[in-house]
Amino acid sequence: MCHRGRGQAGGNKPAEIFCYEYHAHYAGVKRKACGGKPAAGFSCGREKLWKYCGRPMRKLPCGEFCRPLFRKRRGDPMSREYSENVLVQNSAGNLLQNVLGWEVVLAYNSEKLGPDGTLGRTGYGEVLLTRYFRQALLRLNPWLTPNQLDEVQKKFTAHVSTASLMQINEEKYFLLRDGIPVTVKRLDGRTETRSAAVIDFKKPENNHFLAVKEMKIHSQLYRRRTDIVGFVNGIPLLFIELKKPTVDVQNAYIDNYRDYLDTIPQLFYYNAFLMLSNGLEAKVGTLGSKYEFFHEWKRLKESDAGSVELETMLRG
């Protein structure tokens with residue numbers, strides 16, 4: 001058993017279970033698999049190696065995992081602020097903001113909904129940030145009238161209800177690449193079709209880059225919160241799932257990305273890039289790719305030494 005002041009919450013809970021729960025959380029294993037029973041042979045403060053669901057755990061002194069759990073259970077934000085996966089997330093956000101010039105917003109428990117809210121969303125089910133999208137359309141296509149602007153937005157968000165996720169994504173890809181057709185009335189009264197650009201591929205500085213950390217996304221049945229979503233002119237083109245350095249990158253694919261495909265598929269309607277990383281290793285892929293086809297981005301220049309870290313991929 002742990003020391004009473006460290007391992008027990010108010011002296012009412014056995015310290016052994018208290019330490020055990022956090023150790024399971026620290027190792028990235030779901031508690032439900034074992035029903036929350038204390039680990040056999042575990043003795044706090046000693047160098048014993050114990051097991052949880054058949055997996056060996058790290059050797060940690062009592063103070064390293066009893067106290068953080070106590071803060072977390074009591075709702076202390078410090079436990080989240082200094083957790084390893086959040087530190088990886090913050091490092092990625094700092095690089096995007098300070099080096100690559102992106103605007104970075106933390107939406108965790110702070111996003112205000114509404115047209116004048118944090119992101120301009122009216123509900124957590126929205127993934128296209130229409131406020132930034134419409135601003136970009138007017139900036140890149142100053143000839144658009146208010147009615148044409150509404151027409152462009154309607155065409156860009158529409159999809160056939162029976163279409164698969166891959167079909168929807170492919171349709172959006174062509175609109176991103178070629179522009180959105182819009183009806184224009186000529187001076188002689190006749191109409192013609194013009195393409196409204198949604199991204200300026202020739203001059204990147206004309207686009208708006210936004211990274212949102214901890215963004216809530218809801219569907220009819222599920223609620224999820226993503227690590228980082230990257231928006232270009234309000235369009236969610238980049239999805240980043242992060243793990244702490246002690247967790248294999250493949251866990252991000254299996255536990256999170258595949259879950260999001262089933263629960264919040266609308267997030268991937270417009271997606272172009274998927275990034276999975278634990279800070280030390282990073283892989284990039286596209287929608288529909290199996291994990292074995294996710295690869296590292298090792299170099300910024302051919303002369304560079306190879307690196308599989310997240311920073312190299314973001315810079316690339």
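Trainee: Let's start with confidence. What is the mean pLDDT of the protein chain?

Mentor: Good place to begin, as this is a predicted model. Some of it needs care: over residues 1-82 the pLDDT stays under 50, and that stretch has 122 contacts beyond four places in sequence in the model. Residues 299-308 also have pLDDT below 50, with 17 contacts beyond near neighbours in sequence. Across the protein chain, 67% of residues reach 70 or more, and the mean pLDDT is 76.

Trainee: How many of the residues count as buried, as a percentage?

Mentor: First picture the parts: the protein chain has 10 helices and 10 strands. Among contacts with a separation of 6 or more, 55% link residues 24 or more positions apart. Of the chain's 316 residues, the share that counts as buried is 43%.

Trainee: Which strands stand at the edges of the open sheet?

Mentor: The sheet has six strands with mixed pairing, in the order β3-β6-β7-β8-β9-β10. An edge strand has a single partner, so one of its sides is left without a neighbour in the sheet. From one strand to the next the twist averages 25°. The two edge strands are β3 (103-106) and β10 (282-285).

Trainee: Do strands β9 and β10 run parallel or antiparallel?

Mentor: Strands of a sheet can pair either way, through backbone hydrogen bonds. Here, Leu276 stands opposite Lys283 in β10. Four bridges join β9 (residues 273-277) to β10, and the two strands run antiparallel.

Trainee: And on the other pairing of β9, which residue is the bridge partner of Leu238?

Mentor: Strand β8 (residues 235-242) pairs with β9 over five bridges, in the parallel sense. Strand β9 is largely enclosed by the rest of the structure, because four of its five residues are buried. The partner of Leu238 in β9 is Phe273.

Trainee: How many residues are in the largest nonpolar core?

Mentor: In soluble globular proteins, nonpolar side chains tend to be buried together. In this core, the members that touch the most others are Phe133, Phe156, Val198, Leu210, Ile235, Leu267 and Phe268. Apart from it lies another core of 12 residues, including Ala92, Trp102, Ile228 and Met275. The largest core has 48 residues.

Trainee: Is Thr226 buried or exposed?

Mentor: Look for Thr226 in strand β7 (residues 223-232). Beyond residues up to four places away in sequence, Thr226 touches Lys213, Glu214, Met215, Ile217, Phe239, Tyr260, Ile264 and Leu267. Its relative accessible area is 0%, so Thr226 is buried.

Trainee: What is phi of Glu214, roughly?

Mentor: Most residues other than glycine have a negative phi. Glu214 is found in strand β6 (residues 209-218), and at 6% relative accessibility it counts as buried. Its phi is positive, near 55°.

Trainee: Is Asn109 buried or exposed?

Mentor: Asn109 lies in the loop between β3 and α6 (130-140). Its phi is near 55°, a positive value in a residue other than glycine. Because its relative accessibility is 61%, Asn109 counts as exposed.

Trainee: At roughly what angle do helices α7 and α8 cross?

Mentor: Two packed helices are described by the angle and the distance between their axes. The contact is made by Lys155, Phe156 and Thr157 of α7 and by Lys172, Leu175 and Leu176 of α8. By class, these are three nonpolar, one polar and two charged residues. The axes of α7 (residues 146-157) and α8 (residues 165-178) come within 10 Å and cross at roughly 145°.

Trainee: One last one: how many Å apart are Gly93 and Val105, C-alpha to C-alpha?

Mentor: Gly93 sits in helix α5 (residues 84-98), and it counts as buried at 4% relative accessibility. In sequence, Gly93 and Val105 are 12 residues apart. In space, C-alpha to C-alpha, their separation is 8.8 Å.

Definitions and conventions: Residues are numbered from 1 along each chain as its sequence is written. This is a predicted model: local features need pLDDT of at least 70, side-chain atom pairs count only at pLDDT 80 or more; totals for chains, interfaces and linings use all residues. Side-chain values use heavy atoms; hydrogens and water are left out. A nonpolar core is a set of buried Ala, Val, Leu, Ile, Met, Phe, Trp, Tyr and Cys residues joined through side-chain atoms within 4.5 Å. Buried means under 20% relative accessible area, exposed over 50%, partly exposed in between (1.4 Å probe, protein chains only). Two strands pair if DSSP finds at least two bridges between them. Axes are lines fitted to C-alpha atoms, for helices over the stretch in contact, and angles run from 0 to 180 degrees between N-to-C directions. Contact means heavy atoms within 4.5 Å. Ala, Val, Leu, Ile, Met, Phe, Trp, Tyr, Cys and Pro count as nonpolar, Asp, Glu, Lys and Arg as charged, and the others, Gly among them, as polar. pLDDT is the predictor's confidence in each residue, from 0 to 100.
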